[in-house]
Amino acid sequence: MVSPVRGQDSTSEWQAQVRKYAQAQDWDSALRVVDREIARAPQDMDVRAWRARVLAWSGGLAEAEKEYLAILKVLRNDPDNWMGLASVYSREGKTEEALRALDVAVELDPKTR
């Protein structure tokens, strides 16, 4: 039997690695960690959201947009992912799409303002 705490430690370990690589702007290493986790749990939308964030941070906006859109097909009611998509749209210069995504995020969670 696996302890939930052990699973949580594993999760926080890979997230800490991603944060460390992101802080150093080592995007290839950050993506390798996230992609390894996706290979282990392809349906884990939290890991996919981390991938979208790393892609956006590294300037891979088109890929980040695709990743967020794929996530939102599964998790339509997650304001954080709508905010992430709004940020990507904004950086891409897609103002109308950014505002629509932001509106959805605020509608889902008014505290996101």
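**Helix packing and core**

User: At what angle do the axes of α4 and α5 cross?
Analyst: This is a predicted model, and in it the axes of α4 and α5 come within 9 Å of each other. The two helices are roughly antiparallel, a description that applies to angles over 145 degrees. The crossing, in which α4 passes α5, is left-handed, and the angle between the axes is roughly 150 degrees.

User: How many nonpolar, polar and charged residues does the contact of α4 with α5 have?
Analyst: On the side of α4 the contact is formed by L61, A62, A64, E65, Y68, L69, I71 and L72, which meet N81, W82, G84, L85, V88, Y89, R91 and E92 in α5. Sorted by class, the residues in this contact of α4 with α5 are 11 nonpolar, 2 polar and 3 charged.

User: How are α3 and α4 oriented towards each other, roughly parallel or roughly antiparallel?
Analyst: The axes of α3 and α4 lie 8 Å apart, and the helices pack at an angle of about 160 degrees. α3 passes α4 in a left-handed crossing. Since angles over 145 degrees count as roughly antiparallel, α3 and α4 are therefore roughly antiparallel.

User: Which element gives the most to the largest nonpolar core?
Analyst: The largest nonpolar core has 28 residues, and those with the most contacts inside it are W14, V18, V34 and L85. Two or more residues come from each of α1 (4-23), α2 (27-40), α3 (45-57), α4 (61-74), α5 (79-92) and α6 (95-108). The element that gives the most to this core, with 8 residues, is α3.

User: Which residues is V18 in contact with, leaving aside its neighbours within four places in sequence?
Analyst: V18 is one of the residues with the most contacts inside the largest nonpolar core. Once its neighbours within four places in sequence are left aside, V18 is in contact with A30, V33, V34, W50 and V54.

User: Is E37 buried or exposed?
Analyst: E37 is found in helix α2, and, not counting residues up to four places away in sequence, E37 touches W14 and V47. Its relative accessible area is 7%, and because a residue under 20% counts as buried, E37 is buried.

User: What is the phi of Q25, which is not a glycine?
Analyst: Q25 lies in the loop between α1 and α2, where it is exposed, with a relative accessible area of 57%. Most residues other than glycine have a negative phi. Q25, although not a glycine, has a positive phi of about 55 degrees.

User: How many residues does the protein have, and what percentage of them count as buried?
Analyst: The protein has 6 helices and 0 strands, and from the N terminus on its elements run α-α-α-α-α-α. Among contacts with a separation of 6 or more, those between residues 24 or more positions apart account for 36%. Of the 113 residues of the protein, the share that count as buried is 37%.

Key: Residues numbered from 1 in each chain as written. Predicted model: local features only at pLDDT ≥ 70, side-chain atom pairs only at ≥ 80, totals over all residues. Heavy atoms only, no water. Core = buried A, V, L, I, M, F, W, Y, C linked by side-chain atoms within 4.5 Å. Buried < 20%, exposed > 50% of the residue type's maximum accessible area, 1.4 Å probe, protein only. Helix = DSSP H or I, 4+ residues; strand = E, 2+ residues; numbered from the N terminus. Contact = heavy atoms within 4.5 Å. Axes fitted to C-alpha atoms, helices over the stretch in contact; angles between N-to-C directions. Parallel < 35°, antiparallel > 145°, perpendicular 65-115°, else oblique. Left-handed = near helix turned anticlockwise from the far one by under 90°. Nonpolar A, V, L, I, M, F, W, Y, C, P; charged D, E, K, R; others polar.
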